[in-house]
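User: Please walk me through this model. I want each label set against its cut-off.

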Amino acid sequence: FWTYAAGMLALAGFPLFAGFWSKDDILHSAAHWPVTTGPFLLGVFGALLTAFYMTRQVCYVFLGTPRSRVRESAADLRSKSAPARSHPPSHDDRHSHNTQPHESPAVMTAPLVVLAAFAVLLGFVGTPVCPWFQGFLTGHHEPAALGNLFRWETFSMMLLSSAIVAIGLGAGWWLYGRQPARSAEETDPLEKARPSLFAVLRGKFFIDELYEATVIRLNSWSAWLCDWLDRYLWHGA
């Protein structure tokens with residue numbers, strides 16, 4: 001849970017986690033783009049959604065009572081019907097009891113701990129106080145200065161970024177954390193409150209359908225046209 005939470009907070013852009021500094025830098029650059037504020041507004045909306053849906057995910061995965069159904073294994077059924085066993089346990093039997101949630105083995109936990117540590121600490125190589133990584137990429141190195149953090153254009157963006165994360169986390173907790181789901185069939189709280197909005201989210205903003213109706217259809221038509229030209233025009237010529 002703790003390694004998952006570290007990654008979740010970094011992805012949501014929680015203050016001082018790695019994702020906070022990168023998100024803040026992106027929003028800062030977008031806000032100062034002279035052409036339009038569109039990318040900045042999209043970035044703000046994306047940051048809000050990320051904090052919200054990651055909170056929802058943590059609530060569904062870790063909070064409340066287990067919602068999975070543990071079915072009786074074949075080994076259990078056989079043991080009830082035939083107490084005396086003359087054959088050694090099969091591969092399926094040996095692994096059939098491992099159905100309850102449990103901690104991962106070290107081969108998975110150790111890399112997760114490393115990733116969680118990076119999620120917390122790695123962003124500090126690119127903070128306004130010491131923008132080492134930006135200098136490495138651009139070749140323009142600036143000296144470390146704590147005052148860079150309190151410039152109004154930087155500090156105000158950090159405040160806005162923190163407020164966005166707080167709203168997303170708070171909304172996610174309000175809907176999913178206060179009363180966690182008790183069964184897998186329970187209706188999503190957002191679906192109860194806003195069915196039409198939830199339909200759009202469940203349909204992934206219908207991007208797949210739009211892609212199918214435009215790009216895929218155009219590609220299929222182009223392939224048919226190329227085949228027709230090859231068969232009846234170029235081959236004939």
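**Labels and their cut-offs**

User: Why does Phe 206 count as partly exposed?

Analyst: Its relative accessibility is 40%. Buried means under 20% relative accessible area, exposed means over 50%, and partly exposed is in between (1.4 Å probe, protein chains only). The value of 40% falls in between, so Phe 206 is partly exposed. This is a predicted model, where local features need pLDDT of at least 70, side-chain atom pairs count only at pLDDT 80 or more, and totals for chains, interfaces and linings use all residues. Residues are numbered from 1 along each chain as its sequence is written, and side-chain values use heavy atoms, with hydrogens and water left out.

User: What makes the phi of Phe 206 worth a note?

Analyst: Phi is positive, about 55 degrees, and Phe 206 is not a glycine. Phe 206 sits in the loop between helix H10 (195-202) and helix H11 (207-234). Leu 16 also has a positive phi without being glycine, near 80 degrees. Leu 16 is in the loop between helix H1 (2-12) and helix H2 (18-31).

User: How many helices and strands does the protein chain have, and how do you know?

Analyst: There are 11 helices and zero strands. Helices are DSSP runs (H or I, at least four residues), strands are DSSP runs of E (at least two), and both are numbered from the N terminus. Of the 237 residues of the protein chain, 23% count as buried.

User: What makes H1 roughly antiparallel to H3?

Analyst: H1 and helix H3 (residues 38-62) pack at about 165 degrees, with axes 9 Å apart. Axes are lines fitted to C-alpha atoms, for helices over the stretch in contact, and angles run from 0 to 180 degrees between N-to-C directions. Under 35 degrees is roughly parallel, over 145 roughly antiparallel, 65 to 115 roughly perpendicular, and the rest oblique. An angle of about 165 degrees is over 145, so H1 is roughly antiparallel to H3.

User: What is the handedness of the crossing where H1 passes H3?

Analyst: Right-handed. A crossing is left-handed if the near helix is turned anticlockwise from the far one by less than a right angle, and right-handed if clockwise.

User: Which residues of H1 meet H3?

Analyst: Tyr 4, Met 8, Leu 11 and Ala 12. Their partners in H3 include Thr 50, Ala 51, Met 54 and Val 58. By class, this contact of H1 with H3 has nine nonpolar, three polar and no charged residues. Ala, Val, Leu, Ile, Met, Phe, Trp, Tyr, Cys and Pro count as nonpolar, Asp, Glu, Lys and Arg as charged, and the others, Gly among them, as polar.

User: How do you know that Thr 50 is buried?

Analyst: Its relative accessible area is 15%. That is below the buried limit, so Thr 50 counts as buried. Thr 50 is in H3. Leaving aside neighbours within four places in sequence, Thr 50 is in contact (heavy atoms within 4.5 Å) with Leu 11 and Ala 12.

User: Which residues make up the largest nonpolar core?

Analyst: Seven in all: Met 8, Ala 12, Ala 51, Met 54, Val 58, Val 165 and Leu 169. H3 gives the most, three residues. A nonpolar core is a set of buried Ala, Val, Leu, Ile, Met, Phe, Trp, Tyr and Cys residues joined through side-chain atoms within 4.5 Å. Met 8 touches Met 54, Thr 55, Val 58 and Leu 169, not counting residues up to four places away in sequence.

User: Why does Ser 161 count as buried?

Analyst: Its relative accessibility is 0%. The buried cut-off lies above that, so Ser 161 is buried. Ser 161 is found in H8. Not counting residues up to four places away, Ser 161 touches Phe 20, Lys 23, Asp 24 and Leu 27. Its C-alpha atom is 7.9 Å from that of Gly 13, 148 residues apart along the chain.
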